[in-house]
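Visitor: I am new here and would like to know how such descriptions are reached. Could you show me around?

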Amino acid sequence: MSKIFNIYGTDAHTMTKNLLRASNAISLVRPGSNVALKPNLVVAGTPENGATTHPGVLSGCIEYFRENGIRDISVIEGSWVAADTMRAMKRAGYDEVCERYNVPFYDLKRDKTRAVSTQIGPIEICCKALDAGLLVDLPVLKGHCQTVMTCALKNLKGCLPDREKRRFHSLGLTKPIAALGSVLTPRLIIVDSICGDLDFEEGGNPVQTNRMYLGTDPVMIDAYGCELMGLELNQVAYIKLAEKWGAGSTNYKHEDIINLNEPKNAGNYSKPSGTVANLIHNVHEDSACSACYASLVRALYVNNKGLSKNIFIGQGWRDKKIPGVSLGIGNCCMNATICVRGCPPSAKDIAEKF
């Protein structure tokens, strides 16, 4: 059974290196092989907007693999059809990372492709991705306007030429994404869930989770992402189909999740604005960790019936009397009328109590 390594914090570079060390990721690289890092760079935007992978994830990966003797490292990506990849990589700060470590960045829109047989027929895939000794998938856990969620499996769509991306949309995304995942399976995934957007792949409504996690099974990583976002597996149709077609397994147990530190290391939740602020106007917060608060926000977003309840969250409520009929979020709010236990509880568990 694959393990999932969890870490909380705000320093993407250090968190990435700690995840790689804990999982002994270097064991996945064959002697004399190369490493290709595939971030999520869908549009030209800053990571703080909730759409693109933080540059610290790239620098953390590069340093870790360099320290373990790997010299052939590259960053590969192709932004979506309407976007300029090189403009997007500069906007996200990747140009500085690549220059600092002398690592090449390859725009996959300009790469050669090969047709690979899949369950839906041949798919043209970029050679830089196909020929990588270790393809490292670096997605952002976030919502998506068509597929509800995007994470490890859908991030592989950036390894396609634009003509194939267009065809995927014409085919409805679900079957193509599952088919792609069955033939282009990354053996290492590091998920940037520091501040993924609620429901839009281009960003705009980021939720400050201050969490990252690592695994080796993209289907399991996406299934776990569903739990974190308060979604049922059947709401993200390509996950179960990818499992059926051999891309991985949705089965994991909570003992398979290894926490490298505590949610309190995520820091307190930052002051929300926009959509997020509207969701939490009935929430009584006192020194809440980002990880716990993010689970609540995502649960409210999925099922906003909770807006009518008095909801309490945060370390400041520990051992205090919580007034009225209330819903407490996390172990710090055990004195509420109803408490969703966990540190942090999942968005799914919270939504079930609304």
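Guide: Let's start with a rule: a charge sits over a ring if NZ of Lys or CZ of Arg is within 6 Å of the ring centre and within 35 degrees of the ring normal. In this predicted model, lysine 128 lies over the face of tyrosine 106, at 3.9 Å from the ring centre.

Visitor: What makes alanine 178 count as buried?

Guide: Buried means under 20% relative accessible area. Alanine 178 has 0% relative accessibility, so the residue counts as buried. Alanine 178 lies in helix H8, residues 174–183, and touches Tyr238, Leu241, Ala242 and Trp245, leaving aside residues up to four places away in sequence.

Visitor: Why is the pair of tyrosine 213 and tyrosine 224 called edge-to-face?

Guide: Ring centres must lie within 6.5 Å to pair, and planes over 60 degrees apart count as edge-to-face. Here the centres are 5.0 Å apart and the planes stand at 85°, so the pair is edge-to-face.

Visitor: Which parts does this pair tie together?

Guide: Tyrosine 213 belongs to strand S11 (residues 211–215) and tyrosine 224 to helix H9 (residues 218–229), so the pair joins parts that are eleven residues apart in sequence. Ring pairs also link Tyr213, Tyr224 and Tyr252 into a cluster.

Visitor: How do you know whether tyrosine 224 is buried or exposed?

Guide: The same cut-off of under 20% applies. Tyrosine 224 has 4% relative accessibility, so this residue counts as buried.

Key: Residues numbered from 1 in each chain as written. Predicted model: local features only at pLDDT ≥ 70, side-chain atom pairs only at ≥ 80, totals over all residues. Heavy atoms only, no water. Helix = DSSP H or I, 4+ residues; strand = E, 2+ residues; numbered from the N terminus. Buried < 20%, exposed > 50% of the residue type's maximum accessible area, 1.4 Å probe, protein only. Contact = heavy atoms within 4.5 Å. Phe/Tyr/Trp six-rings, centres within 6.5 Å; stacked < 30°, edge-to-face > 60°.
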